[in-house]
Structures are given as structure tokens and as C-alpha cells.
Amino acid sequence: MTVNSPPNATRTYRPVMSPTWWWLRHPAWVQFMLRELSSVFIAAFLALYLARLGAFASGPAAYAAFQAWHRTPLSIALHVLILAFALLHSTTWFLLTPKIARVHVAGRSMSEKAVAGGALTAWAIVSALVAWWLLG
Amino acid sequence: MAHASRSEPFWWSLFAAGGVVAAFLVPIHVLLEGIVGPLGGPTPAADYDRMHAWLASPFTRVYLFVLISLPLFHWAHRFRFTLADLGLSRFGAWLAVLCYGAAIVGTALAAWLLITAP
Amino acid sequence: MPQETIQLVVTRFHPDHDPVPRFQTYTVPLHEDWVVLDALNYIKDTQDGTLSYRWSCRMGICGSCGMNVNGTPRLTCATFLREYAPGPIRVEPLANFPIIRDLVVDITDFMEKLPRVQPWLVRQDETPLTGGEYRQTPGEMERYHQFSLCINCMLCYAACPVYGLHPEFIGPAALALAHRYNLDSRDQGRAARQAEVYSEEGIWECTFVGQCSVVCPKKVDPAGAIQQEKVSAALDWLKSVVWPWGNR
């Protein structure tokens, strides 16, 4: 909190936000911060994938040990947490898509709901294809 | 006088591309390889031999490279701005070096691991 | 039957007497058809003539009665007391601006930023008046129409934590207006706006919190405008890499 004295002699009061905890002051900002922090959990998944490739490069024994760790409750809990944030990232990303990409069909712009719905549908289809590929 | 940034469009493009890749692909991978697989489900990553067969295809290697590298830049960009918004904005340049640097290292590591994988 | 009432907790700040703002509580009748501005006018007329605030049209078009109501920027002429019953309602000046007195804020910063993005039709080849108007199809008009509805009420600046944290940020309304002119088929000023709009104080400062679009009383969607400009800037950049000889 500081008080400024601009040159025109009218004293104004400038409220200052807490540089670290400002986002706790509005529910929408908390949601925003969770959305941004989802990237940290996605990065954790990517780091684990690099570790997986590293374990694979080290041979069958190292890979078996890596997979054994994945079966621990700690790993399952961590992956549930990562999944929750990954889902947060995907839903927020696709719901915000219509704000970024304005889709015009036959000279008319599509409604935001239609674009977001299309993006979410595409996500479901891609997920199903990947699941089919990985489990097939 | 302000001037148009030359670097931001580049990092933002990587961020956007990585965000799309992560949004489409990461949840299903986490679900199947991090939760369903370890609980007994059949995924290519479940054991060494299946992983070996899966990685035999060049498509898999390219796919995994995209899956890892672009979302790393997505993280780097978001994390850089998040740290700046949590009170570290005076270290702006260092945040950029640290975050994008980590993504570049991760990308190089992914490329090396995927090229040299048996 | 006693008249129903509601409490307003209002920011008071007198530059000569108050080191920091304080709150003062007033009790006003809770009429079904009263908005927060009606309550403030009631207070000024019958309880406390020293209360200072800005207002003019009472119909959501002049953009001067914006205040933070229970922490969210609103046009007080379009915010009904009954939404907040039983109260109390916290009425504060628009966030992120210096407070001059009570609910009146200093908008100099916005007034200085707005012209920097040249929010008007910029022409390279000005045709003489005798040439007639610059014509436009309804489809060309539709592209920018939404972004032209801004009334400069600055609710979006009050809702923007990026502006609050980094005051050099050009901010939502000014960038949305730049986008409005960039999308206008009659305009040729996109290149001239680039230096400001595509600078680090411009679109790249935005982290897409999105609250500017939520609070906008005219549904202008500044957040969308800024992201769309990011896409344009990224495509420009890509073109300049793939085709460096091209006319930028």
C-alpha cells in the first residue's frame, strides 16, 4: 500500500495487489491459477515419460523396476492427481478454443458453443483412437 | 517507443501447439499408462517386451517425440508467466532462460532417447 | 409493515484527511427496482452529501458508473440491489486505478494508453470526399461489430489481475479496440499499430485470465480479441521466417 503525490498536487491513493497471494482474492483467479498450474502436472507426466524411456534404454531389469514403482499406491495416487489436472487443462483449453479461433462456415461465424462442442467431440474421438491403439 | 516482439510469437506458437497436443493426448496416456496399466491393464508400456515391439515402429517414436516435446514448451511458457505473476517478474529474463531452457533440454533428451532406443 | 432495507458498505477516501481509504456503512430501502446507483443517489440526497462518485446516463451506455461491487467490477446502474439481498453490499472504487476521492478513480493511465493503439480508421491512401464513403458488406461489418461495442467503462481493467500486477500492460479495452480496427475492411493501419499492440506491454503480457470478458457489460470479449491478435502475430512471424523477402 503506497500513497502517491502526483505533480498536480491532488493526492491519490493507489491500492497495491499482493504480488504473491493476489489470486486468493477472487474465485475466478483461483480457477485461473489452478488452470495455469495444470501445466506443472503435465510436465510431471512428461518427466515420468522421459524416465520411462531412460529405464527402457537401461534394459529389461531397469524397466521392470520402473514398472514395479508404477504399481505402488504412491504412484497410482500421483497419477490420479496428474489425471485430474490434465483433464482440467483439456476442458479449459477446449472451452476457450472458440475465443481464439473464430470459425466461419458459409460466410457466417459459428456460435461459441458449437465450436467448443466440436473441439470436445474431437477430443473424445482422439482419446478413443489412442486408447484403441494402446490397448488394441 | 514500444516495438513488436520478435521472440514472443515464437514461444507463444510453441505454447499453443503444445497446449493442443497436451489437451488431446495427455489425459488418455495418464489414464492408461499411469493408472489402468499398473493395475493390470494391457498397454504397450506394461513390460519391456511389449514396449520393445511398440517402439519398433518409427511412427511410435515420432508420435512420442511430439507428445513429449511440444507440451514441454507449453509448460515452459505457462510456468514462466505464472512465476512472474507470483512475484518474480523482476527476474523476467532469467525465468525465460530457465523455463525454455528446461524444455529445450527435455526435448533434446527425448530425441536422443527415442533415436537410440533399442 | 416496516420497509425492507439493505446495508451498503462504501469506500470513503478524502485526500486531505484520510491516510488510507476507510469504509462507511449506510442503510437504504431495498426496493425491487433499485440498482446500486439508485442507492448511492439516495444516500447522497438524504444521508450524506459528501459521498463522491461518477455517473451520468443510468442506462448502461455512458460507462461512467463502474465500481467494484462485492469485489467484482460492475456498472452500478445495471446492478440490482436485490441480487445481493440480504446484503450487506460492498461498494468500492474500480480496482487497479488510483483513488482520487471515495468512489472516484483517476483514469489518466487508460486515457494515455488508448490513443497509443490508434483506435481509429488508418488509411494509407486517403480518398477525397468526392470519392464517396468507404463501402463495406454486412459480412465485413460482422467481423468486427462485437469489438466495436466498447463504452470505455474500464470494468475490464479493474477485472484484470495482469494490469493490477503489471501497470505497464496496455490492457483489455485498448487492445480489443485495436483488434476492432485491425478487422475492419476499410482500415489499413494494422502495420502501424504493431509496434504497440504486438509489444511486450501489449498482447504478450496477457495470460488469458478471461475475467475482462466476463465483466464486460457490452459482451465485447477483450480476452478473445487479444488471443486472436496473438494468432495473427504468430502467423506474421511464421510468414516472416518462411518468406523473409515478403512484404510484411
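Reader: At what angle do helix H4 (residues 112-135) of chain A and H1(B) pack, and how far apart are their axes?

Author: This is a predicted model, and two packed helices are described by the angle between their axes and the distance between the axes. For H4(A) and H1(B), the angle is about 40°. Their axes are 9 Å apart.

Reader: Are H4(A) and H1(B) parallel, perpendicular or oblique to each other, and what is the hand of the crossing?

Author: An angle of 65 to 115 degrees would count as roughly perpendicular, and one under 35 degrees as roughly parallel. The angle here is about 40°, and H4(A) and H1(B) are therefore oblique to each other. H4(A) passes H1(B) in a crossing that is right-handed.

Reader: Which residues of H1(B) meet H4(A), and how does the contact divide by class?

Author: By class, this contact has 12 nonpolar residues, one polar and no charged. From H4(A) come A:Trp123, A:Val126, A:Ser127, A:Val130, A:Ala131, A:Leu134 and A:Leu135. The residues of H1(B) that they meet are B:Ala23, B:Phe24, B:Leu25, B:Pro27, B:Ile28 and B:Leu32.

Reader: Which element gives the largest share of the side of chain B that touches chain A?

Author: The contact takes 39 residues from chain B and 42 residues from chain A. Helix H1 (8-36), helix H2 (48-55), helix H3 (58-88) and helix H4 (92-116) of chain B each give two or more residues to this side of chain B. Its residues divide into 29 nonpolar, eight polar and two charged. The largest share, 13 residues, comes from H1(B).

Reader: How do H1(B) and H3(B) lie to each other: parallel, antiparallel, perpendicular or oblique?

Author: The two helices pack with their axes 7 Å apart, at an angle of about 120°. H1(B) passes H3(B) in a left-handed crossing. Angles of 65 to 115 degrees count as roughly perpendicular and those over 145 as roughly antiparallel; H1(B) and H3(B) are therefore oblique.

Reader: How many charged residues are in the contact of H1(B) with H3(B)?

Author: Among the residues of H1(B) that take part are B:Trp11, B:Trp12 and B:Phe15, and H3(B) brings residues including B:His74, B:His77 and B:Arg78. By class, there are 15 nonpolar and four polar residues, and the number of charged residues is one.

Reader: Which element supplies the largest share of the side of chain C that touches chain B?

Author: The contact takes 15 residues from chain C and 13 residues from chain B. On the side of chain C, helix H7 (190-197) and helix H9 (222-242) each supply at least two residues. The residues of this side divide into seven nonpolar, four polar and four charged. The largest share, four residues, comes from H9(C).

Reader: What is the order of the five strands in the open sheet of chain C, and which are its edge strands?

Author: The sheet has mixed pairing and the order S2-S1-S5-S3-S4. Within it, strand S1 (residues 5-12) and strand S5 (residues 89-92) pair in the parallel sense over three bridges, with C:Val9 opposite C:Arg90. An edge strand pairs on one side only, and the edge strands are S2 (22-29) and S4 (72-75) of chain C.

Reader: Which helix of chain C lies across S1, S2, S3 and S5, and at what angle does it run to S2(C)?

Author: Chain C has nine helices and seven strands. The helix that lies across S1, S2, strand S3 (66-69) and S5 is H1 (residues 36-46) of chain C. Relative to S2(C), H1(C) runs at about 100°.

Notes: Residues numbered from 1 in each chain as written. Chains lettered and ligands numbered in written order. Predicted model: local features only at pLDDT ≥ 70, side-chain atom pairs only at ≥ 80, totals over all residues. Contact = placed C-beta atoms within 7 Å. Nonpolar A, V, L, I, M, F, W, Y, C, P; charged D, E, K, R; others polar. Axes fitted to C-alpha atoms, helices over the stretch in contact; angles between N-to-C directions. Left-handed = near helix turned anticlockwise from the far one by under 90°. Pairing = 2+ DSSP bridges.
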